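Visitor: Please pick one part of this model and go through it closely. Then set it against the rest of the chain.

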Amino acid sequence: MQNNLFPLYESELGERTNPYLLLDRKSEFKSKFNLVDLFAGIGGFHYGVEAAAQKFGKGINTLLVSEIEPNSQKTYKINHKVEVRGDINGIELSDYSSNADIVTAGFPCQPFSNSGKKRGLSDPRGQFYFRIEEIIKHFKAKSFILENVPGIKSNGGGKYRAELSHKPAVIGQSMHFLEENLLNLKDYEVKWVEVDSSDFGSPQVRRRVYIIGIHRDYTQNLNFHFGATPKNNFMSIVDEVIQPKLELSQNQEDNLRSFMKNPPSYKNGMRRVGKAYLCKGGNVGQGYHAYGLVPTLTKVWARFLPIYFPSSEENVPDVNLKTFNPGPNYGHGYFRKVSVREALLLQGFPKDFIPNENDGLAYEQAGNAVNARVVEKLSEFIFGHINQ
Ligand SMILES: C[S@@+](CC[C@H](N)C(=O)[O-])C[C@H]1O[C@@H](n2cnc3c(N)ncnc32)[C@H](O)[C@@H]1O
């Protein structure tokens, strides 16, 4: 086996964890955690929280789900079989009287991401924070998880010392403003942490900031310890069905292949082949070796991501190991895009998730979602405190 190109995985074969969630939706759980799922998308948080609840022998009862976009609402409803409300600002909170165990919110990231206009909390979308806070208080939540892109840390300019970060950090105006408000939540211990989903067993490099709050009735001091999870790679979620529609355009394929004589670059567990090229949709990308991690899926990037399955003449890891199902493309020097199913598995969603019937929307929704495998781990940590 060639191992110097693949230092990350060599010692880890045989100890892998499942990269996507395995959920039991047949059993009736007598005891349940109450969930409020805001900016719910297609329900990545719902899945992760539910998987963690099951580790405590519990199910999930959704008190409120809010998602404004009709196609995402539809996908959420089909998969989670609960009512989905619309605009978070249009919900009459006095209609709800139960208390929540956990409030989740992957609030819109455009104000903070590199592709957005970087107006931070002065942007009306940045103001969503105050509505989330109101909802946390209304539902007397025992805990919450807020998620955003790493750009939120530096957004808005300025340099401040982080006070709620898991480890020392310098932050910009937006995060500082958020911290000031979170510090005012006197009933909660709050800390934020930046996590890469590949550190939690997902084959995708996806760094996100997670702000976690637990009511002071349940903890006086938040110290994150999630435990080490061995890395997985794309081969661990490969879809066995080859679909002709996943082939690259001739132009894209020629472009990638014309640079294949260059040595592959290997960084952060991602083995890139070919050279960056411009493709439809305006994004720049390279091919990614199937035996490695893939980069962050986004709304656009999810449906253009080219995966390279090496040929048998190449000196590549022998994947005829019991730990992998290499799929029919491996060993054939083959390029193709990721399938909708693979995009969802890269986000940790369970295998039986029903995607939108329109592939374009399905990729978009997958790229927009939170990684459910990460949510599972964070929720397990939270339930360890509040499950009494
Ligand atoms: C970053 S995505 C969250 C995705 C979600 N975590 C998932 O797993 O699919 C943000 C979501 O907020 C929704 N959204 C934006 N404005 C909203 C509003 N005013 N009320 C409710 N949802 C809103 C968007 O449609 C989008 O689906």
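Guide: Strand 8 (residues 207-215) is mostly covered, with 7 of its 9 residues buried. Buried here means that 20 or more other C-beta atoms lie within 10 Å of the residue's own; exposed means 12 or fewer, partly exposed is in between, and C-beta atoms are placed from the backbone. The model is predicted, so local features need pLDDT of at least 70 and side-chain atom pairs count only at pLDDT 80 or more, while totals for chains, interfaces and linings use all residues. Residues are numbered from 1 along each chain as its sequence is written.

Strand 8 has antiparallel pairings with strand 4 and with strand 7; two strands pair if DSSP finds at least two bridges between them. Strand 4 (residues 143-148) is joined to strand 8 by 6 bridges, and Ser143 has Ile214 of strand 8 as its bridge partner. Strand 7 (residues 188-196) is joined to strand 8 by 9 bridges. In that context, Asp196 stands opposite Arg207 in strand 8.

The chain as a whole has 9 helices and 13 strands; these are DSSP runs numbered from the N terminus, helices being H or I of at least four residues and strands E of at least two. Of its 388 residues, 47% are buried. Among contacts with a separation of 6 or more, 69% link residues 24 or more positions apart, a contact being two C-beta atoms, placed from the backbone, within 7 Å.

Elsewhere, helix 6 (residues 250-258) has Gln252, Asn255 and Leu256 buried. These three cover an arc of only 95 degrees around the axis, so they lie on the same side of helix 6; the arc is that of the directions from the helix axis to the C-beta atoms. Gln250, Asp254 and Ser258 are exposed, on the face of helix 6 turned away from its buried side.

Gly292 lies in the loop between strand 11 (284-289) and strand 12 (306-311). Gly292 counts as buried because it has 27 C-beta neighbours inside 10 Å. Leaving out residues up to four places away in sequence, Gly292 touches Asn233, Phe234, Gly269, Met270 and Arg271. Met235 is 57 residues from Gly292 in sequence, yet their C-alpha atoms are 7.9 Å apart.

Last, the ligand: Phe39, Gly41, Gly44, Gly106 and Ala369 come nearest among the 21 residues around it, where a residue is near if its C-beta atom, placed from the backbone, lies within 6 Å.
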